[in-house]
Amino acid sequence: MADLRDLDIQYLHGVGPKRAKTLRSELGIASYYDLLMYFPFRHIDRSTIHRVADVTADMPYIQLKGRFISFATHGEGARMRLQALFTDGTATLEVVWFNRAKSVARTLHTGTEYVLFGKPSEFNGKVNMIHPEVDAADNSRASAGGLHGIYSLTERLTNAHITQRVVQQLIATALSTPQAQALPDVLPASVIANRRLMHRAEAIRAMHMPHDAAQLQRAQLTMKYEELFLLELNILRYVTGRNERVRGNVFARVGDLFNTFYRDVLPFDLTGAQKRVLREMRADMGSGRQMNRLLQGDVGSGKTIVAFMAALLALDNGYQACIMAPTEILAGQHYTTVSEWAGRLGIKVALLTGSTRKKAREEIHNSLQSGELQILIGTHALLEDTVQWRNLGLAVIDEQHRFGVAQRAKMWGKSATPPHVLVMTATPIPRTLAMTVYGDLDVSIIDELPPGRKPVQTVMRTGDNREQVNRFIGTQLAEGRQAYIVYPLIEENEKLDLLAVERGYEMMCETFPHYRVAMVHGRMKPAEKDRQMELFATGVANILVATTVIEVGVNVPDATVMVIENAERFGLSQLHQLRGRVGRGAERSYCILMSHNKLSGNTRHRLQVMTSTNDGFVVAEEDMRLRGPGDIEGTMQSGIAFNLRVADLSHDGPIVTIARDDAEQWLEHDPQLTSPEGSRLDREIHLTFDKTHDWSLIS
Ligand code: ADP
Ligand code: MG
């Protein structure tokens, strides 16, 4: 029997070449299978019949049962419309057709009992119904009861007369084909039984036409589970394959540099979390496998020193290391920090960015190849082909979300044995994303801040409080602290946004004439930007007015105030990042979220998340719940397109967890998916993911 995927949609009864073309171009439906996998976005209850007297314009699709009292056509030709009066004895309702008025008028009669199905609307203050479906009451689907799917359709489809009703009929036809009824399961029988899922054919049918809400829920669970199980199988299989394929450099010993640093240089005690993460990395790097680890730690949790100590391990074992940052400012800061530590150990460190001069650059290239240069810090410039290592053993990538998967992969090509890779991010990643988007990375978490940190106090204020806010900034400045004033900037609104930044700058200059104000925004020349940033970082400027260019990583310990203008325009994770710029010294710090007086409930809730917690993980989970995973920073560049058909990572976390556990278990006894059930899974994985996921790129 032909596979449903091989049955061309044009041969389905009721389709034909013309409709097939529209279905293909509008919805990407080319086969029977595609059609059946086009699930409704909601369902309506066709077992209920409403009373005409109860109908209001804000009702969703409803059913009415009764008779037409009169028909009248108005207008001529193409503009002809049909107006009918319908009643069930409780009241009358006007029903209107603008299309095909003539043919509709011919098929309907007064006196016959009909069931209407449509969405009430309002015209001139009166409720009416436009273009309802009409069935003779005695053969109406209403009597069949159950829930009916409502599909997302485009205007082109409706214009081509592919309406809700047509789609429903096409799907019913496709469901009744022998191929659909005999559709084999994809999931192994044991999994279906253990998790009490439905068989595939039954689940797909119930996605469209469930008997009741409970059956629909079970069908949705089944389809979501199936999708996530396949996704996890694919990720985990890839990781296992990589671990077997790729040998890693073995850092067998903890040597002099590491020990000397730990004993004599380390300026503070490591937190328990920092120690744990170092242990996890040492285990990885000593195992003979290549390390691919994601280090998550909130802003200020002390990731840099952990990265540096990992680099020392590489050096102790005769390898080189690099640290790559997304901006020149950040790379520069890392360089300053690391140079100081490294200097006390006699280690040679260099900085390489886009603005490194030719001569210095050549020197770096040479000393890298000779091995004399042990640690290189920089931006994307590290990825250039001219950068050749003697033996790169560890690549640290800071602030992961600015680096795409392809760039991570590029680090690999640099040596015969690929370096261990440590990716660091201060944007906490919700568990469900960690298991899917970043599912190929092992995860370490620094969930503890260095001692003595005072949590940043966050408040919401509006324009009415401007004077009070400025007074507060003044008192902080008087105590020798510094303040950030951050404005949103988006491309679509760039002119106005820049204007706001400049006005903000002027306002600060006027309000605080005795202090120095710096300004940074993305439209400045890099040199000017750096100069302004430098003024603030060195404490010469007391106030920095800026757009989000300062978002990542900048460290100014004396800054204790972060004012965020139009805070409602920022995403939660972004707000959290910005807030992380203060509270880096010993003094208490403040984050002031400025917004409009009138906020929607949703926006207010978002800002309240910020005032109620300092925990980046809570913020990230909430961010994903409110905005969906596609908008979470990093996921867009992750290389895995978010085209999950039924599962929704922001709400289906528990299913992800279960599917991952089950996938792990399955691979234990069928690692290559070679058993009969396994090869069916393998085939389905290819059919489902091949088009969108280039797994070979993931490093
Ligand atoms: P992030 O994780 O945001 O990159 P950093 O590595 O910049 O954080 O660390 C923030 C600050 O905390 C730095 O000044 C760093 O020296 C300091 N720090 C890191 N670890 C500790 C610790 N265990 N005890 C005290 N201070 C620490
Ligand atoms: Mg950092």
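The following legends describe close-up views of a predicted model. Residues are numbered from 1 along each chain as its sequence is written, with chains lettered from A and ligands numbered from 1 in the order in which they are written.

**View 1. A salt bridge between Glu-226 and Arg-200.** The closest N and O atoms of Glu-226 and Arg-200 are 2.8 Å apart, a salt bridge being a side-chain nitrogen of Lys or Arg within 4 Å of a carboxyl oxygen of Asp or Glu. This pair links distant parts of the chain, since Glu-226 belongs to helix 9 (residues 213–245) and Arg-200 to helix 8 (residues 200–208), 26 residues apart; helices (H or I, at least four residues) and strands (E, at least two) are DSSP runs, numbered from the N terminus. Both residues, Glu-226 and Arg-200, are buried, where buried means under 20% relative accessible area, exposed over 50% and partly exposed in between (1.4 Å probe, protein chains only). Together with Arg-5 and Glu-684, Arg-200 and Glu-226 form a network of salt bridges, and the search of the whole structure finds 25 salt bridges.

**View 2. Salt bridges of Asp-447 with Arg-276 and of Asp-284 with Arg-293.** The side chains of Asp-447 and Arg-276 meet at 3.1 Å, N to O, and this pair links distant parts of the chain, with Asp-447 in the loop between strand 16 (442–446) and strand 17 (457–462) and Arg-276 in helix 11 (residues 272–285), 171 residues apart. Asp-447 counts as exposed because its relative accessibility is 55%, whereas Arg-276, with a relative accessible area of 27%, is partly exposed. In the salt bridge of Asp-284 with Arg-293 the N to O distance is 2.8 Å, and both Asp-284 and Arg-293 are buried.

View 3. Strand 4 (residues 92–97) and strand 7 (residues 126–130) pair in the parallel sense over three bridges, with Val-96 opposite Ile-130 of strand 7.

**View 4. Strand 5 (residues 113–118) and its pairing.** Five of the six residues of strand 5 are buried, which leaves the strand mostly covered. Strand 2 (residues 62–74) runs antiparallel to strand 5 and is joined to it by six bridges, and Leu-64 has Leu-116 in strand 5 as its bridge partner. Strand 5 also pairs with strand 8 (residues 133–136) in the antiparallel sense, over four bridges, and here Val-115 stands opposite Asp-135 in strand 8.

View 5. A backbone N or O atom of Asp-269 lies 2.8 Å from a nitrogen atom of ligand 1, and a polar side-chain atom of Gln-274 lies 2.9 Å from a nitrogen atom of ligand 1.

Key: Predicted model: local features only at pLDDT ≥ 70, side-chain atom pairs only at ≥ 80, totals over all residues. Heavy atoms only, no water. Pairing = 2+ DSSP bridges. Polar contact = N/O pair within 3.5 Å; in protein donor to acceptor, adjacent residues only side chain to side chain.
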